[in-house]
Amino acid sequence: MLLQELNDYYRDLLQNHPDEISHPGWCSCKVAAYLVLDEGGNAISAITTGNVRGAVLSVPEQETRASGIKPFFLCDTSSYLLGSDNKGKPERAIRAFEQSKELHLSILQGVDSPAAKAIVRFYQAWNPLAARSAPVFSDANIQDLIFSGRFLLFAVSIGGKISLATNDEKIKAAWSEHVNQPGSDDVVGRCLVTGLERPIAILHPKIKGIKNAQSSGAQLVSFNMRSGESYGHTEEQGLNAPVSKEAAQGYGAALNYLLASSIHHTYLGDMTIAYWSRENDDQNSAFMSSLAFQILGGGDNAQEERHLDNIVKSAVTGRYLTEEELNLDSPFFVVGFAPNASRISVRFFLTGTFGEFVENIAEHYRRCEVVHASKAKEYLSPYALLHAVENPNSTKPVYQSALCAPLMRSIFMNGRYPEGLYSSAIERIHASQNNEEKGTKKVSRGRAAIIKAYLLRNAGYSRKELMVSLNENSQSLAYNLGRLFAILESLQYRANGSTNLANRYMDSASTTPSVVFPVLLRLANAHMNKVGHDKQGLAAWYKKQIGELLDSSRIQHFPSRLTLPEQGEFFLGYYQQLYTKTSEMKEQQ
């Protein structure tokens, strides 16, 4: 399914962005220098491309070179084009040159083009043994670059004008004819992607741009271990999953395009997420890119963060439906990749309409909305949620969490949140301490957001029960116990100027209320008397708040135990009570 959609996307790119995508039989390559020939086939100069990492150019397709000697057409290393390199194996370099010579002569012999004739004459006259002493490489810096193993590309000087061999129309036609002819070693079979009888790709193209994967590229489809091979296909590599050369080149070019385009991919930790649209691709993907960038961490400055917040707000409020030039009905695709040795691991592949994806993301943000400080960011990114459940003593970074892919899948598809996310949030609350110096809290905004979102999506709570801010009309026993605990903690702080209630009693209060709350209420009487000495109005306010919870139907008893969902309600009530308006309390001071 993934390869088929990528191959279809490749066909779309050929029509809509013909100058930005490699055509059939071609690929992208980082070229370090041009090897310039005159019309007689003599190497007259070597010109660097001016890019330290190499200029990305469209060159004849370069199949994966696993081992042995396999020449590429027009663009290759000095081992193949010159028969010399810095690897210390001169015999192998000469064999590589001879095979490159055979390939070029078989394709270009008889091609009526000055550039083609120059390359043929070069191969007929070039002496690999004298490569390093050639005047064209007399400069030490040029020599180091040419023989370093980086890619070189033929160029030809005709009438004083230098042009790349890859731009010659007759050479391109000769290459196209060569590519479309099945080779003697090709295995013809039915392609799993197109369903057509075609030559099967033994080695699949390398994909570049996957975070933490091999810099030279990793393969999405690869069979190089006995444990991964099918019965009867031992050491047959690509024949284990027959994909035609044409389809392999198509999906590889499309995926490399997505990973090179800033509006078609983003990252969450070590996971690379790519996305594209069947229709209106640029507009849809650009909007998703801005949305995803905020999702995965936000901007680098305040202005950029405000812009990204507005993007999310437009999705949350539905304003994007009318204000953006988006095709909401277009099929949309999201795929998550992770590096896995030499191959690429697919974490998820999700499909739906573009409008469904945006609405699912918006719904996630609505569920995560909780009252917060006025200066805080408007929306919490999934990275912030993962950070909220990170163990500070763990040596494993939060982005390597096993929760990354399940969380993103639940966000994109409006699915159930991973159970581990909720249990980790409860666990971190129990294991943490309030620390004013470090600015850490047991019930942080991120943990409260996780609890609220989980209870709404997984536990079936309604938005009338779990609101963004304090729900003073809630009849939930656990929620009101959390509110009561927050009020008792505030009372202790007013009496003593500090509080240790959360650090000493919150864990047991949220699990076994019947054991702890009688003790807390006795302490509250002492705190009330202390506050009343100086501020009778404030003491009366606290007495009223406690009484309204205990004397009503909200807290009729203290249960012996709270379940895991009830503990979440407890912590959410506690968190929201802390952020409730206290104008009435201030009036009594």
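**A working chat on a predicted model**

Modeller: Of the 589 residues of the protein chain, 50% count as buried, where buried means under 20% relative accessible area, exposed over 50%, and partly exposed in between (1.4 Å probe, protein chains only). This is a predicted model, in which local features need pLDDT of at least 70 and side-chain atom pairs count only at pLDDT 80 or more, while totals for chains, interfaces and linings use all residues. Residues are numbered from 1 along each chain as its sequence is written, and side-chain values use heavy atoms, with hydrogens and water left out.

Colleague: How many helices and strands are there in the protein chain?

Modeller: The protein chain has 21 helices and 14 strands. Both are DSSP runs numbered from the N terminus: helices are H or I with at least four residues, strands are E with at least two.

Colleague: And what share of the contacts joins residues at least 24 apart?

Modeller: Among contacts between residues at least 6 apart in sequence, the share is 69%. Contact means heavy atoms within 4.5 Å.

Colleague: Let us turn to helix packing. At what angle do helix 11 and helix 15 pack?

Modeller: Helix 11 (residues 354-368) and helix 15 (residues 445-457) pack at about 115 degrees, and their axes are 7 Å apart. The axes are lines fitted to C-alpha atoms, for helices over the stretch in contact, and angles run from 0 to 180 degrees between N-to-C directions.

Colleague: Which residues meet there?

Modeller: From helix 11, R366, R367 and C368 meet A449, K452, A453, L456 and R457 of helix 15. By class, this contact has four nonpolar, no polar and four charged residues. Ala, Val, Leu, Ile, Met, Phe, Trp, Tyr, Cys and Pro count as nonpolar, Asp, Glu, Lys and Arg as charged, and the others, Gly among them, as polar.

Colleague: C368 is a cysteine, then. Is it buried or exposed?

Modeller: C368 counts as buried because its relative accessibility is 8%. C191 is buried as well, with a relative accessible area of 2%.

Colleague: How many disulfides does a search of the whole structure find?

Modeller: The search finds zero; a disulfide is taken as a pair of cysteine sulfur atoms within 2.5 Å.

Colleague: Moving on to helix 14: which of its residues are buried?

Modeller: They are L421, Y422, S424, A425, I426, R428 and I429. Their cover includes helix 12 (382-388), helix 13 (404-413), helix 15, helix 17 (501-511) and helix 20 (564-578).

Colleague: What about S78: where does it lie, and what does it touch?

Modeller: S78 lies in helix 2 (residues 78-81) and is buried, with a relative accessible area of 0%. Not counting residues up to four places away in sequence, S78 touches G83, S84, D85, I146, F147, R150 and L152. A polar atom of the S78 side chain lies 2.7 Å from the backbone oxygen of S84.

Colleague: And Q219, buried or exposed?

Modeller: Q219, in strand 10 (residues 218-219), counts as buried because its relative accessibility is 12%. The side chain of Q219 reaches the backbone oxygen of H204 at 2.7 Å. A polar contact of 3.4 Å also joins the side chains of Q219 and S222. Such a contact is a pair of N or O atoms within 3.5 Å; within protein, one must be able to donate a hydrogen and the other to accept it, and residues adjacent in sequence count only if both atoms are side-chain atoms.
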